[in-house]
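I set out what I looked up and what I found in each case.

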Amino acid sequence: MASKVVQWLQSPAAREYFFSTHFWGPVANWGLPLAAIADLNKTEDVISGPMTTALASYSLVFMRFAWRVQPRNYLLFACHATNATAQLIQGGRFVNYWYLGGQDKEQSSKPVAQEVVDTAKTVVASK
């Protein structure tokens, strides 16, 4: 198996693939899903519902394109599948925060969290 991979990597077909837009387009496009994954750590109040919807829709459309184009572009498909997943998670976080009471829960727990932070600061300062 490994020898077949090595043989393919040394073949003209591999060079043709790695020097084509079929490879470099998706590689350059990976910035979108990587940024979306990084944004999963941000607070819900900064999520833009319209932009999240647009990016999820965009990726869903291009997932179909990557599947339908011949030859199939699996790298582009994986890129957009990752982005669509991250955007749909962000969309769920947005809906939870703004429409399902997440904002109220966060604000009600904030004083407790602040008290814990203050206590931790006091303990660290005393040592």
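I took axes as lines fitted to C-alpha atoms, for helices over the stretch in contact, with angles running from 0 to 180 degrees between N-to-C directions. Helices (H or I, at least four residues) and strands (E, at least two) are DSSP runs, numbered from the N terminus.

I note that this is a predicted model, in which local features need pLDDT of at least 70 and side-chain atom pairs count only at pLDDT 80 or more, while totals for chains, interfaces and linings use all residues. Residues are numbered from 1 along each chain as its sequence is written, and side-chain values use heavy atoms, with hydrogens and water left out.

**Entry 1: H4 and H6**

I looked up how helix H4 (residues 31-39) lies against H6; their axes come within 8 Å and cross at roughly 30°. H4 and H6 are therefore roughly parallel to each other; angles under 35 degrees count as roughly parallel, over 145 as roughly antiparallel, 65 to 115 as roughly perpendicular and the rest as oblique. The crossing of H4 with H6 is left-handed, a term used if the near helix is turned anticlockwise from the far one by less than a right angle, right-handed being clockwise.

For contacts I used heavy atoms within 4.5 Å. On the H4 side I listed Leu32, Pro33, Ala36, Ile37 and Asp39, which meet H6 residues including Cys79, Asn83, Gln90 and Arg93. By class, this contact of H4 with H6 has 6 nonpolar, 4 polar and 2 charged residues. Here Ala, Val, Leu, Ile, Met, Phe, Trp, Tyr, Cys and Pro count as nonpolar, Asp, Glu, Lys and Arg as charged, and the others, Gly among them, as polar.

**Entry 2: glutamine 90**

I then turned to glutamine 90, which is found in helix H6. Is glutamine 90 buried or exposed? Glutamine 90 is buried, at a relative accessible area of 6% (buried means under 20%, exposed over 50%, partly exposed in between, with a 1.4 Å probe and protein chains only). Not counting residues up to four places away in sequence, glutamine 90 touches Asp39, Leu40, Ile47 and Thr52.

**Entry 3: H5 and H6**

I next examined helix H5 (residues 49-68) and helix H6 (residues 74-99), whose axes come within 8 Å and cross at roughly 155°. That makes H5 roughly antiparallel to H6. The H5 and H6 crossing is left-handed. The contact of H5 with H6 has 16 nonpolar, 8 polar and no charged residues.

Proline 50 lies in H5 and counts as exposed, at 66% relative accessibility. I recorded 28 Å between the C-alpha atoms of proline 50 and valine 69, which are 19 residues apart along the chain.

In the loop between H5 and H6 I located proline 71. A cis peptide bond joins glutamine 70 to proline 71, with omega about -5°.

**Entry 4: H3 and H6**

Lastly I checked H3 against H6, which pack at an angle of about 15° with their axes 8 Å apart. H3 and H6 are therefore roughly parallel to each other. Phe23, Pro26, Val27 and Asn29 of H3 make the contact with Leu75, Leu76, Cys79 and His80 of H6.

Asparagine 29 is found in H3 (residues 21-29) and is buried, with a relative accessible area of 14%. Leaving aside neighbours within four places in sequence, asparagine 29 is in contact with Tyr58, Leu76, Cys79 and His80.
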